[in-house]
Amino acid sequence: MIELKDINKVFKDKNQNEFYAAKDVNLKINDGEIFGIIGFSGAGKSTVVRCINLLGRPTSGQVIVNEKNLLELSAKELREERKKIGMIFQHFNLMPSRTVFENIAFPLKHSGLSKKQVQEKVRELLTLVELTDKESQYPSQLSGGQKQRVAIARALANNPKILLCDEATSALDPTTTKQILGLLKKLRDKLNLTIVIITHQINVVKDICDKVAVMEHGKVVETSDVFDIFANPKDEVTKRFIHSTTNLQKIEELISENSNVVQLKKGEKIIRLSYLQKNVSEPLISTVSSKFGVVLNIIFADIEIVQGAPVGGTVAIFSGENQNIQNALGWLKEKNVGIEILKQE
């Protein structure tokens with residue numbers, strides 16, 4: 001387990017004024033989890049992840065990894081613990097004058113392994129990241145996705161139990177990003193890794209993470225499993241992230257512009273329906289129409305599967321007798337559907 005307790009990281013500007021890059025950060029990351037830390041630029045997420053391996057030493061607090069407070073270790077003890085924590089970066093940090101093989105072998109330089117054992121280890125890692133045909137090539141001959149695969153292999157050279165990923169997909173196109181995330185998930189399952197992912201891309205969190213912490217101005221403002229974050233975001237920062245991935249918010253623009261799409265007849269309502277729990281599985285729209293005699297004219301619908309359950313919702317114009325609409329809304333609430341009336345006549 002990784003546990004950050006009361007982490008503060010203070011920097012000083014040129015005038016010696018102090019500012020907090022991380023303030024009162026508390027996180028628990030369980031073994032085998034893929035844990036995301038998300039925030040806009042300057043939120044403090046990279047500062048926090050660098051505290052886990054003490055690449056950036058916190059000003060105060062405790063960094064507990066596998067029940068050891070890293071801040072209390074001697075330099076020698078810390079070097080040994082760091083071998084159990086691999087790290088990859090946005091820009092790969094490969095050595096351009098060394099081949100793929102040499103880049104991956106570099107962390108094994110003082111491992112005590114024989115030349116043959118190093119060769120076997122490197123080729124095993126190349127197989128893991130699906131680059132067996134690239135060992136003699138140089139970084140300049142590789143695509144961005146291939147460079148990140150090399151970086152992942154190098155980070156795994158010392159058999160770490162933890163892999164830190166600092167904006168590891170930010171320099172990649174969407175297709176390659178998906179491939180790298182798929183690889184990380186496969187490696188987590190195969191090697192029983194704990195993975196911490198720093199990102200400003202909410203889709204990365206959605207695609208791979210089990211839990212996520214949201215940061216703003218150096219503080220953790222919300223922590224939950226990924227489904228709950230998408231289904232029921234609480235903090236305004238989290239809501240901004242979620243809203244950036246869905247078209248359900250466009251209805252508010254249409255209403256403010258008084259678009260023809262949102263013109264209502266007497267008794268009609270525009271309602272946003274949101275899935276709030278994982279057990280929503282019934283055909284809600286058709287049931288509302290058949291059971292309550294309410295006509296739904298769908299304006300927007302945006303449903304995705306997150307952690308094996310539907311998340312998102314529907315914006316629709318509800319037409320019918322007022323009591324029937326109220327009965328339908330009551331039934332939907334019983335089915336764990338969020339109700340938000342946006343406009344009514």
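User: Where is the place of D210?

Analyst: D210 sits in the loop between α7 (202–208) and β9 (211–216). Helices (H or I, at least four residues) and strands (E, at least two) are DSSP runs, numbered from the N terminus. This is a predicted model, with local features needing pLDDT of at least 70, side-chain atom pairs counting only at pLDDT 80 or more, and totals for chains, interfaces and linings using all residues. Residues are numbered from 1 along each chain as its sequence is written, and side-chain values use heavy atoms, with hydrogens and water left out.

User: OK. What is the relative accessible area of D210?

Analyst: D210 has 25%, so it counts as partly exposed. Buried means under 20% relative accessible area, exposed means over 50%, and partly exposed is in between (1.4 Å probe, protein chains only).

User: And which residues is D210 in contact with, leaving aside neighbours within four places in sequence?

Analyst: D210 is in contact with G32, E33, I34, R188, D225, V226 and Q307. Contact means heavy atoms within 4.5 Å.

User: How many residues apart along the chain are D210 and Q307?

Analyst: D210 and Q307 are 97 residues apart along the chain, and 7.7 Å separates their C-alpha atoms.

User: How many residues does each domain put into the contact?

Analyst: Domain 1 gives eight residues and domain 2 gives 10 residues.

User: Which residues does the UniProt domain annotation cover?

Analyst: The UniProt entry, which is unreviewed, carries the annotation "domain: ABC transporter" for residues 2–242. UniProt positions are given in the numbering used here, feature names are shortened, and annotations may be inferred rather than shown by experiment. The span 2–242 is 36% helix and 27% strand, and its end C-alpha atoms lie 27 Å apart.

User: Switching to the chain as a whole. How many helices and strands are there?

Analyst: The chain has 12 helices and 14 strands. Its C-alpha trace spans about 80 × 50 × 35 Å along the principal axes. Of the 345 residues, 49% count as buried.

User: What about the accessible surface of the chain?

Analyst: The surface comes to about 17,200 Å², and 46% of that belongs to carbon and sulfur atoms. Accessible areas come from the Shrake-Rupley method with a 1.4 Å probe, and for residues only the protein chains shown count as cover.

User: How many positive and negative side chains?

Analyst: There are 47 positive and 41 negative side chains, and the centres of the two sets lie 5 Å apart. Lys and Arg count as positive and Asp and Glu as negative, while His and the chain ends are not counted. The place of a charge is taken as NZ of Lys, CZ of Arg, CG of Asp or CD of Glu.

User: Backbone next. What is phi of D6?

Analyst: Phi of D6 is near 50°, a positive value in a residue other than glycine. D6 is in strand β1 (residues 2–12). Its relative accessibility is 46%, so D6 counts as partly exposed.

User: And H217?

Analyst: H217 also is not a glycine, and its phi is positive at about 55°. H217 is in the loop between β9 and β10 (219–225). H217 counts as exposed because its relative accessibility is 63%.

User: Is F227 buried or exposed?

Analyst: F227 is buried, with a relative accessible area of 1%. It lies in helix α8 (residues 226–231). F227 and K206 are 21 residues apart in sequence and 8.2 Å apart in space, C-alpha to C-alpha.

User: Now domain 2. Where is I299?

Analyst: I299 is in strand β12 (residues 295–306). I299 is buried because its relative accessible area is 18%. Leaving aside neighbours within four places in sequence, it is in contact with I251, V261, I270, V315, A316 and I317.

User: Last one, which strand holds I339?

Analyst: I339 is in strand β14 (residues 337–344). I339 is partly exposed, with a relative accessible area of 24%. Not counting residues up to four places away in sequence, I339 touches I271, R272, L273, L329, L332 and K333. The C-alpha atoms of I339 and I271 are separated by 6.8 Å.
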